[in-house]
Amino acid sequence: MATHARPGSPSSGRRVPELDPDLVEQWQAEGGELVDLFARARERLGGVAALRLGPRPTVLITDPDAVQHVLALHSDRYVKRSHRARLLIGDGVLAATGEAWQRQRRLLQGQFTGPGMRRYEQRITGAARVTAARWAAYARTGQVFDVGEEMRRFALDTIWRSLTGHPLDPATEHELDAVPAVVTALPSLPADGVAARGAVAAELARIDALADRAIAAARDAGAGPDGPGLLHVLTEAARTRPEYTDRLIRDELVTLLVAGHETTASTLTWLYLLLDGNPRAREQALAAGAEGSPERRQALQALVHETLRFYPSAWILPRSAARDDVLAGYEIEAGTDVLVCPYLTHRDPDLWEDPQRFEPARFTTPGRRPAHPGSYFPFGIGPRACLGLQFALRESTVLLEHLLPAHTPRFRSVPAKATYSITVRPDGPTPAVLV
């Protein structure tokens, strides 16, 4: 990162203010979470701040104008260098860059908007009904169950139906346990790629074997009981596009599995934990309108949006400056690591009134939320915004339509803190009974 204007630079931007190294040392001594260090940097230095985590400073972005500059207006200047989950997702659309990313995104984009979304309505509803039936059984028997595990099962069933046209069966569910196992292990894996792959080799082998079987079934057996799925779109693409090898189809399949269930499961788990501390929000959502009405659906979507404000799908969005730039009046040198942090932007008291309060009405009452697009971006903004935004909102709302009127989980215990990995997850089990 440049800390001064250089001869021949595009402009004479100011130096990015840098967090005192003593505060970084204090944070390290305390063993704090990375998000705590980022919060200190924002509090002391503002929405564009530098902090030294290695030999070179990293720039932290939480200011809405700077967020929009990096992610939306000048995404060609701030690029994804490598995805943290590349070990798992390979060259799938989340990790791809350049022309390969453009081709892959164009193929998938139509599946998650407008008419493309309608073909998944039946599959989402089917998975929600299966979950509702399980919850009805838990309510009858008083069985203790884990809310987070239930949300994971629902989200996994939904994305599997959408990918293959088949409901999730117990054997497939067991094999897919390898996916969250790798996701959970990612932050602690060795830096060396070979060693990291070796540490999760058994799980990766299970995932590869399952993907191979699913791809072969899509080619040989045709559509499932719910019709053709996303996997069929990929195998059909391979007929005319040589880049869609079995390996790339596997990478897209695993990418969609990870992105299609990890984030939704975390969001729904947090939603129920937040409702546990704010029961009036549930009552207000159900009172907003009759079952199936647009008013109730809007109120349920507001519950999801407010949960995503607290716990966005990706809490940090890393980018690398591809060339020199001036950002919010500060000079950024090519090669600088830039971290955009929706988690902190969503909790900024200069943007959000009483940001630590769970208040879904922010998303139903005009003027209650900031209008700037860089103030709320749980799925990112700009060209690389998450493809599955509408899909995730729809499946979350449909599940709430089935569960929220009938059941209230009473938690036996709640996690004391969050785990900040690819997503922000509750750090521990969420046992509950239904009342």
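Reader: How are α10 and α14 oriented to each other?
Author: This is a predicted model, by the way. In the model, the axes of α10 (residues 178-185) and α14 (residues 246-277) cross at roughly 75 degrees. Angles from 65 to 115 degrees count as roughly perpendicular, so α10 and α14 are roughly perpendicular to each other.

Reader: And which residues make the contact there?
Author: On the α10 side they are V179, P180 and V183, and α14 brings V258, H261 and E262. The axes come within 11 Å.

Reader: What kinds of residues are those?
Author: The contact of α10 with α14 has four nonpolar residues, one polar and one charged.

Reader: OK, switching to rings. How many aromatic pairs are there?
Author: A search of the whole structure turns up 15 aromatic pairs. Take W315 and Y343: their ring centres are 6.5 Å apart and the planes sit at 85 degrees, so that pair is edge-to-face.

Reader: Where do W315 and Y343 lie in the chain?
Author: W315 is in the loop between α16 (294-310) and β5 (317-321), while Y343 is in helix α17 (residues 342-345). The pair therefore ties together parts that are 28 residues apart in sequence.

Reader: Are W315 and Y343 buried or exposed?
Author: Both are buried. W315 and Y343 also belong to one aromatic cluster with F38 and Y420.

Reader: Which residue lies over the face of Y330?
Author: That's R14, at 4.4 Å from the ring centre. Elsewhere, R347 lies over the face of Y311, at 5.4 Å from the ring centre.

Reader: Now C341. Where is C341 found?
Author: C341 is in the loop between β8 (337-340) and α17. C341 has a relative accessible area of 0%, so it is buried.

Reader: What is C341 in contact with?
Author: Leaving aside neighbours within four places in sequence, C341 contacts L60, I61, T62, W315, I316 and F377. So W315 from the ring pair shows up among the contacts of C341 too.

Reader: Last one: D157. Buried or exposed?
Author: D157 is buried, with a relative accessible area of 6%. D157 is found in helix α8 (residues 147-164).

Reader: What does D157 touch?
Author: Not counting residues up to four places away in sequence, D157 touches A127, V130, P167 and L168. D157 and E173 are 16 residues apart in sequence, and their C-alpha atoms are 8.3 Å apart in space.

Technical notes:
Residues numbered from 1 in each chain as written. Predicted model: local features only at pLDDT ≥ 70, side-chain atom pairs only at ≥ 80, totals over all residues. Heavy atoms only, no water. Phe/Tyr/Trp six-rings, centres within 6.5 Å; stacked < 30°, edge-to-face > 60°. Helix = DSSP H or I, 4+ residues; strand = E, 2+ residues; numbered from the N terminus. Buried < 20%, exposed > 50% of the residue type's maximum accessible area, 1.4 Å probe, protein only. Lys NZ or Arg CZ within 6 Å of the ring centre and 35° of its normal. Axes fitted to C-alpha atoms, helices over the stretch in contact; angles between N-to-C directions. Parallel < 35°, antiparallel > 145°, perpendicular 65-115°, else oblique. Contact = heavy atoms within 4.5 Å. Nonpolar A, V, L, I, M, F, W, Y, C, P; charged D, E, K, R; others polar.
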